[in-house]
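Here's a set of exercises to work through with the model open in your viewer. Try each task before you read the solution.

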Amino acid sequence: MRVRSLLVKTLYTKPLSLTIGAINGVFASVIAAAYSGHILMYAASILLLIIAVSRIASVLYFSGRKTNRRSARRLELLYEIGAFSYSTVLGCIAATSLVLMLPTAVEVLLIAVALGYGTGAAARNAGRPAIAIGQLVFTLAPVAIGAIIVGGLPFYVLAWSIALMIPAIWSITMIIFNTLRESIGSAQTSAQLADRMQILARTDVVTGLANRAGLNHELVEHLMQLEPDSELAMFWLDLDKFKEVNDLLGHPVGDRVLAEIATRLKEQSPFGSTVARFGGDEFVIFCKVEGRKESEALGRKLLEDINRPIVIDRERLTIGCSIGIAVLPYDGEDADTLMQSADLALYHAKVNGRNQMCFFDPSMTRDLVRRREIEHELRAALTRDELSIFFQPIVDLETGRIRTFEALVRWFHPEKGELRPDEFIPVAEECGAIITLGNWITAQAAKAAAQWPDDITVAVNLSPVQIKAPGAAMGILAALREAKLDPSRLELEVTESLFLEDNDSTGDFINELSDAGVRFAMDDFGTGYSSLGYINKYPFKKIKVDRSFVSGDNVGVKSNAIIRAVAEMGSTLEMDIVAEGLETLEQVRAVREAGCTLGQGYYFSRAVPDYLAAMLLAQERDDDQPKIMAAR
């Protein structure tokens, strides 16, 4: 039906050709009436003029107007009535001129106009063959009949020629019609395919939501239609620990989880909202709101609904979520700024502990500027030797002797003074500078340890980002070779965050270095989720009990029982257990009695430069009876 509507529209296009044909016919009929002086000819000429004016007016009025299925039928019928009326009257005037035996010039004029109009109209209106052929027949048939009535060989030949002309023009008209129909059909198919491709290009395959391209398109459309003083809230959601679902249960299950989350988001979102999957496990929702209170209520509703357990193949999964919220026009007056604000709010929601929502605040932009400044200065610091390695001893709780030094990086900025590691290490991990920084720390620590007695090891903390970098194990082994340090004297401390995104590269890294003799320690034990599973899977030689069990606010009977359990496990597995954060004599005695073999903290020593570490070792070697309780 759409093809038919388009073909009907061709009847009302190019009104100039119809106007010229109508004017020619009217002039010819007026001339014939003047020569004949017959009242019937005058009446026919006036009728032809009225029909011509009506047709021209209707074509001009409806040209370019949009049509639907019903209006197309009406327009076709209107055009058909006008076309058939004009053709019939013109044909009858031409036939009458033959019957009345008007001057030859007048007869030739009318026959020429009739033939030209009939064939021309057939070509012009080929989009509707019935109209085209009808005009041809109604114009030429009266002329043929008039020629037969007059009689004589020339007129018989004229009638015969007209009779042959009609099927010939009919054939040509059908060829044009079929070509038009196929062209329009192909164009329509191409347009439908293009529309379909555009929809697919803007739709996420897994969830059926808008993808990033669809989000951008919808956002621009909403902003263009947004009324003045209206508010538009953007919710940027990130699923917590979704990678664990993919790694443990497989990507098909992960896709089903995403589809379920998408369904919940659509159900909870207000009417007129746009819900999109931005990528990975991130979703974006934006909708009109009336104030911050409504945005907060919707955010809480989304958070609660996502936290509901998901049951897939009898597996009960709980997926957390972090949400960043930004509101237009307060947090951005255009799409890019609004998205940046929501993204910053999401980042702070995750940093503040995940599974919560956070509204954008201008201070977040200042924090971002500060982080970018640190990133820039950190890269420069690596080339200007502003960084130093300090060493904190790890002491044998039984003998009081130093067994290991943990290498800790320090940054002494020439203008800002000392910057805390917790200020620049996260920035280094985000921007990727941690790879260069981590390799530098390992190399410097290995060089310092090579100067110590052979029984003293050095411990270096590794970032998950550094471990996942290509050639990470090769870089560490190269640093050991350059420092001429035995691999068994290097301990690499990793936290459980490394295994939250466990993959083959992590296992290959640990196994390759372990085979070379490097030792591994589990740092911050007790703060993660599956430590025992990791200890069973990987060749750890040492466990460091998190300082929160030793000197935290919740230290008590329960924490002591946990330390004892860990120490007993370590003894059974022939692993050293390190108690971190020791600050008092009572804490030292408590962890030693609980079974810990090593201790670390301010009670023994703060982190010191390499030359002081060497002095501590030299002093210890000179002391025949080291006194652990007196060491500071």
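**Exercise 1. Which residue in β3 is the bridge partner of G279?**

Solution. First, the ground rules. You're looking at a predicted model, where local features need pLDDT of at least 70 and side-chain atom pairs count only at pLDDT 80 or more, while totals for chains, interfaces and linings use all residues. Residues are numbered from 1 along each chain as its sequence is written, and side-chain values use heavy atoms, with hydrogens and water left out.

Step 1: find the strands (DSSP E runs of at least two residues, numbered from the N terminus, as are helices, which are H or I runs of at least four). Strand β3 covers residues 282-289.

Step 2: check the pairing (two strands pair if DSSP finds at least two bridges between them). β2 and β3 pair in the antiparallel sense over five bridges.

Step 3: read off the partner. G279 is bridged to E282 in β3.

**Exercise 2. Work out the strand order of the open sheet that holds β2, and say which strands stand at its edges.**

Solution. Step 1: five strands make up this open sheet, in the order β2-β3-β1-β6-β7, with mixed pairing.

Step 1: β2 (274-279) and β7 (357-359) each have a single partner strand, so one side of each lacks a neighbour in the sheet.

Step 2: on average, neighbouring strands are turned by 20° against each other, direction ignored. Axes here are lines fitted to C-alpha atoms, for helices over the stretch in contact, and angles run from 0 to 180 degrees between N-to-C directions.

Step 3: α12 (residues 335-351) lies across β1 (231-240), β2, β3, β6 (320-328) and β7, and runs at about 145° to β6.

Step 4: look at the loop between β6 and α12, where P329 lies. The peptide bond from L328 to P329 is cis, with omega near 10°.

**Exercise 3. Trace the partners of strand β8.**

Solution. Step 1: β8 (residues 387-396) has nine of its 10 residues buried, where buried means under 20% relative accessible area, exposed over 50%, and partly exposed in between (1.4 Å probe, protein chains only).

Step 1: β8 pairs antiparallel with β9 (residues 402-413) over nine bridges, with Q392 bridged to E406. Five residues separate the two strands of this hairpin, and G400 in the turn has a positive phi of about 80°.

Step 2: β8 is also joined by two bridges to β17 (residues 608-609), again antiparallel, and F390 has P609 as its bridge partner there.

Step 3: another two antiparallel bridges join β8 to β16 (residues 598-599), where V395 stands opposite G599.

**Exercise 4. Describe the largest nonpolar core and the surroundings of L492.**

Solution. Step 1: define it. A nonpolar core is a set of buried Ala, Val, Leu, Ile, Met, Phe, Trp, Tyr and Cys residues joined through side-chain atoms within 4.5 Å.

Step 1: the largest one has 71 residues, and those with the most contacts inside it are F391, W452, V458, L492, F509 and L513. Helix α15 (residues 433-449) gives the largest share, eight residues.

Step 2: list contacts (heavy atoms within 4.5 Å). Leaving aside neighbours within four places in sequence, L492 touches V460, L462, I476, F509, L513, V518, R519, F520 and A521.

**Exercise 5. Is D385 buried or exposed, and where is it?**

Solution. Step 1: D385 sits in the loop between α13 (362-384) and β8.

Step 1: its phi is positive, about 60°, although D385 is not a glycine.

Step 2: with a relative accessible area of 66%, D385 is exposed.
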